[in-house]
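Here are my notes for you, point by point. Have the model open while you read.

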Amino acid sequence: MVMCWSRQGPRWRIILVVLVWAVVALAGDHSQSQEPELPNCGELIQPRSLHGMGRNCSKVVMLGMQGSGSTFVWQILEAVVQRLDAVMGRKIDTLKVHFLNRVNDRSIDGRCIVSTYRDFRDVICSHARRGGSQGLPACIGCDSTELEQREILVRTLGRLFHKGGQAQQLMDVDGRGALLLRYEHFVHCSDVLVDVLGYWLGVDLSESGDDYPEWKDRVLQDSSIEKNLQRAEELGHSFRKYDPQTGIHGRHISNGGKVGGWRTCMTPAVQAHVRNQLGSYLDFFNYTDWDTDTPV
């Protein structure tokens, strides 16, 4: 093929090169526009997990912001704890607490803490869509304009983050030596998350038995977003419906677990209000990307 083109003279070779370059460039642009950049799963491995700060834990509590994946992490944590019991005879008592604002409850005293958090803007949107604001119905299909008109987002902001609220509580949890797991780091890295929880508890799960690969596959399938969506649908449209075995509610997942959904959930005016109220906390936790037309 190359020899055939070369016999036609240099002009054809130049045209071929240009065409190939153009196709490659267009393919590259297409892939960049269509494929979101996935997180580096290595970001999940923080010093607290690698050094096994939970190696001596006999009691663990799972906390998290609403809509921050705490139920998903708890499902995996439960599977890890059950394996440690079955393989090593190590018993760990676990407690799932729904809300981060329970961090100062006496019921969690003496427990090692695992806590999830997420971009506060996505937390607000998720909670609002599910009807998290008192006196307002669910608004799963609402667009940003309707959410703004019904003041759902603003009321949810006030409920979750009044005087810092859960953002301040997250800082308090960190001060108590919790294993903090950032949603944007683990949502696409469940394979790594399983081992991170093991490392934190002081165990290399890959050495827990020959059936480890099969066991891990079952855990990942059973805790997948597809499986949890199915469970939520079976429970119906009321968030009050709850399955204590899996931690899933009805209408549990409002936006398919999407990262950055706040961009289509909040109008520029709502973004400006959220930035004014939570800007310093968002900066502290490195959520600093705003739409260019968001007023400062």
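How many helices and strands does the secondary structure of the protein come to?

1. The count is 14 helices and six strands. Both are DSSP runs numbered from the N terminus, with at least four residues of H or I for a helix and at least two of E for a strand. Keep in mind that this is a predicted model: local features need pLDDT of at least 70, side-chain atom pairs count only at pLDDT 80 or more, and totals for chains, interfaces and linings use all residues. Residues are numbered from 1 along each chain as its sequence is written, and side-chain values use heavy atoms, with hydrogens and water left out.

2. Now the overall picture. The protein has 296 residues, and 46% of them count as buried (under 20% relative accessible area with a 1.4 Å probe, protein chains only; exposed is over 50% and partly exposed lies in between). Take the contacts (heavy atoms within 4.5 Å) with a separation of 6 or more: 74% of them are between residues 24 or more positions apart.

3. On to the rings. You'll find nine aromatic pairs in the structure. Rings of Phe, Tyr and Trp (its six-membered ring) pair if their centres lie within 6.5 Å; planes under 30 degrees apart are stacked, over 60 edge-to-face, and the rest tilted. One of the pairs is Phe 120 with Phe 161, tilted at 40° between the planes and 5.4 Å centre to centre. Phe 120 belongs to helix α5 (residues 120-129) and Phe 161 to helix α7 (residues 152-161), so this pair ties together parts 41 residues apart in sequence. Phe 120 counts as buried because its relative accessibility is 0%, and Phe 161 is buried too, at 4%.

4. Tyr 212 and Trp 215 are another pair to look up: their ring centres are 6.2 Å apart and their planes are at 35°, so they count as tilted. They sit three residues apart in helix α11 (residues 212-222), about one helical turn. An α-helix has 3.6 residues a turn, so residues three or four places apart point the same way. Tyr 212 and Trp 215 are both buried.

5. Which residues do ring pairs link into a cluster? They are Tyr 117, Phe 120, Phe 161, Phe 284, Phe 285 and Tyr 287.

6. Finally, have a look at Arg 121. Its charged end sits over the ring of Trp 262, 4.0 Å from the centre (the rule is NZ of Lys or CZ of Arg within 6 Å of the ring centre and within 35 degrees of the ring normal). Arg 121 also lies over the face of Trp 290, at 4.5 Å from that ring centre.
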